[in-house]
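I opened this predicted model to look at strand pairing and the chain contacts. My notes follow.

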Amino acid sequence: MQVQEYKKIMIDKDQIVPVAERMRKKEIWLTMIHGFVNKEGQMEICYDYQVEPVIESYHVVGEMTVPSIGEIYDVAAQWPEREINELFGVTFEGLDVSKRLFLPEDMLETQGKGQIMVTPLSELRRLNREEAEET
Amino acid sequence: MSYILPIGPYHPALEEPVHAKLYTEGEVIKDAEVFVGYNHRGIEKLATERNAIQTLVLVERVCGICSHSHAFTYAMAVEQINQIEVPKRGAYLRVITAELERLHSHFLWLGIACHIIGHDSMFMHIWDERELVMDLLEKLSGNRVNYAMVTIGGARRDVDDDLRREILDACDKLKAPLDRIVEIALTDKTIAMRTKGVGVLTREDAVRLGALGPHARASGVNIDVRKDSPYSCYEDFDFDVPVVDSGDVFARVVVRALECYESIKILRQALENLPEGPINLGTKLPKIKEGMAVTRHEAPRGQLTYMVVGDNSFNNYRVIAHVPSYKNTPTVPHMLRGNTVADAGLIIASIDPCFSCLDR
């Protein structure tokens, strides 16, 4: 049975744009940009490219401000960058975030930003339970 | 006269909630914007609160049409992290379900496309044929949607000889109606007039915007994960990837119709050569080992990608689902420009959008 290969490559934030330009020039698909807070509590942003048959995944760790590659990959990069901005509060320099993508319209003023990071559901459930017991 | 025309999030021509703003000059669309997020359920976050078996149930609920694709891709990611090798028969059963799912999804879209252009007799004819596929899925899995065929380490239900023969017979039965559907799609004047030259996405734009699946293949891009990076047991099957160059709605109809033949081809090979042996490893609830995996599957609408991070506990540390509509929906404004308002509904529908997948 064949397994899809996945290659993890650590880079600095200065290399994000050069890597994207190199990939774009070769007409390589940007599979996805995604992110998560790793166990050390640092933001890990991953840029996955389809260098068939392998996925080359470029990881940037510990940066909350990175350059946008929206100019290079157009909406294929802008949408996931906007999503990461909404869910994790990462700033993508040069990205237009004046409109929300997934979260509510008033996200920027009141709620949503960083919500995924700081409010795990288990914690939310505990708070709700405590609140219910008090009332 | 120029005006802004809003479509959706609730509109008769849209099956799911999405909002499009059309900036028009008379009847012609000069520019457009698409807004999503009306169905955001935080499924990725919910997955971090669940173990691998619970997550299979959860990710199947991302989408009602390609539910198997989500469970299939997620399971592959966990198996990759835990270095689990799925038994061959289990892998074949997963592929059989995936191809039946592609057939029903393509029939569904072809029917809806005909309905939108006002060819309702064709819509009913196609959906009638789709019922045959739905019945097979029900017999195979016990369900018409959310098949629950996948478990970590294989498939959950086996195919006996009677059902195997029944699906093979159905492959023969589908041939004639599919020929008829393709013939009508290729020759009918109404379909041609409503779809040829409408909503064009050039190859260059498809590459730049990262279009996926049949949508990209209708713009002349030869991209299919089953061929580019074979997984599960797809390397065992001989099939073609239909590619059409014109990039219009008509090309999308043709590509999806031709893909139905290829799915039948794969189904036939899988059923005729179904290996003997166990369908799964009998894996109990697994701990997801420390590590990360990215897996891809060619879902009916295009490449579906899952990224799973494990931390040696039962629950997922992080799950990310990147669906084909995520890449295809942003291409819609490019396709709308220069077309008339009357074609907007059809152009939006032509990418076979799934907003419940996109929003997650």
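I started with E7(B) and E8(B). The two strands run antiparallel, and I find 5 bridges joining them. I picked out one pair: B:Val309 has B:Arg318, in E8(B), as its bridge partner.

Next I asked which order the strands of this sheet take. The sheet is open, has 3 strands and reads E6-E7-E8 in chain B, with antiparallel pairing. I noted the edges. E6 and E8 of chain B each have a single partner strand, so one side of each is left without a neighbour in the sheet. From one strand to the next, I get an average twist of 10 degrees.

Then I looked for what packs across the strands. Helix H3 of chain B, residues 67-82, lies across E6, E7 and E8 of chain B. I note an angle of about 150 degrees between H3 and E6(B).

Last, I turned to the contacts between chains. How many residues of chain B are in contact with chain A? I have 35 residues of chain B, in contact with 30 residues of chain A. I listed the elements of chain B that give two or more residues to this side: helix H8 (203-209), strand E6 (291-299), strand E7 (302-310), strand E8 (318-322) and helix H12 (324-328). E6(B) gives the most, with 4 residues. By residue type, I recorded 15 nonpolar, 9 polar and 11 charged on the side of chain B that touches chain A.

One cross-reference for my own use: E6, E7 and E8 of chain B form the open sheet, and these strands are also among the elements listed on the side that touches chain A.

Definitions and conventions. Residues numbered from 1 in each chain as written. Chains lettered and ligands numbered in written order. Predicted model: local features only at pLDDT ≥ 70, side-chain atom pairs only at ≥ 80, totals over all residues. Contact = placed C-beta atoms within 7 Å. Nonpolar A, V, L, I, M, F, W, Y, C, P; charged D, E, K, R; others polar. Pairing = 2+ DSSP bridges. Axes fitted to C-alpha atoms, helices over the stretch in contact; angles between N-to-C directions.
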